[in-house]
Amino acid sequence: MFGSLKKLFGGQEEKKVILAPVSGKAIPMSEVADPTFSQEILGKGVAIVPASGTIVAPAAGTVAVMFETGHAVSLKTDSGAELIVHIGLDTVNLKGRYFRACVAQGDAVKAGDTLVEVDLEQVKAAGYDVTTPVIICNTDEFKEVEALAGKEVNVGDDVLRVSPK
């Protein structure tokens, strides 16, 4: 009923949230040491310097792509956002070492379901930055994408808010 009233009186739709897929320090994309991410070429988002190696679904949806190497996963969320969670920078070069995919393409997931387990210490020891961008690839389909960065986050905390057009 209230949704109908909002539409009747020109109220805005409720913002959708994307949750932290891992605990750690949320930073703005501009601070990511890779221009593909820092310049938001793939879309707007937030990055997390992870404190643990369990990466979970930041929203309910379907796994669109589970990269063979386990370093990244793409989700089509139930709210319409197309997300990529990219674990570390240039970690594709590890060819799957230290990553274990826990889902497959086509799997339905709920927020909080484990997507990937990664041995962060081994990734760091191999010389890779573990900063994990969370990107909304279809940014242009939203009125606004707001990153909630500059703070410590726990799994399940809000890290992005998107407003429908």
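Here is a quick look at the fold, surface and cores of this predicted model.

The protein chain carries three helices and 14 strands (DSSP runs: H or I of at least four residues for helices, E of at least two for strands). Its radius of gyration is 16 Å, close to the 15 Å from the globule rule for 165 residues, so the chain is as compact as a globular protein of that length. That radius is taken over C-alpha atoms, and the rule is 2.2 Å times the number of residues to the power 0.38.

Some whole-chain values:

| Property | Value |
|---|---|
| C-alpha box along the principal axes | roughly 55 × 30 × 25 Å |
| Accessible surface (Shrake-Rupley, 1.4 Å probe) | about 8,300 Å² |
| Carbon and sulfur share of that surface | 50% |
| Buried residues (under 20% relative accessible area, 1.4 Å probe, protein chains only) | 44% of 165 |

Now for the inside. The largest nonpolar core has 35 residues, and I18, L75, L115, I136 and L160 touch the most other members. A core here is a set of buried Ala, Val, Leu, Ile, Met, Phe, Trp, Tyr and Cys residues joined through side-chain atoms within 4.5 Å. Another core, of eight residues, lies apart from it, with I27, A47, I84 and L89 among them.

Take L75: beyond its neighbours within four places in sequence, its contacts (heavy atoms within 4.5 Å) include A57, V63, L83, V109 and L115.

Residues are numbered from 1 along each chain as its sequence is written. Local features need pLDDT of at least 70, side-chain atom pairs count only at pLDDT 80 or more, while totals for chains, interfaces and linings use all residues, and side-chain values use heavy atoms, leaving out hydrogens and water.

Terms used: Buried < 20%, exposed > 50% of the residue type's maximum accessible area, 1.4 Å probe, protein only.
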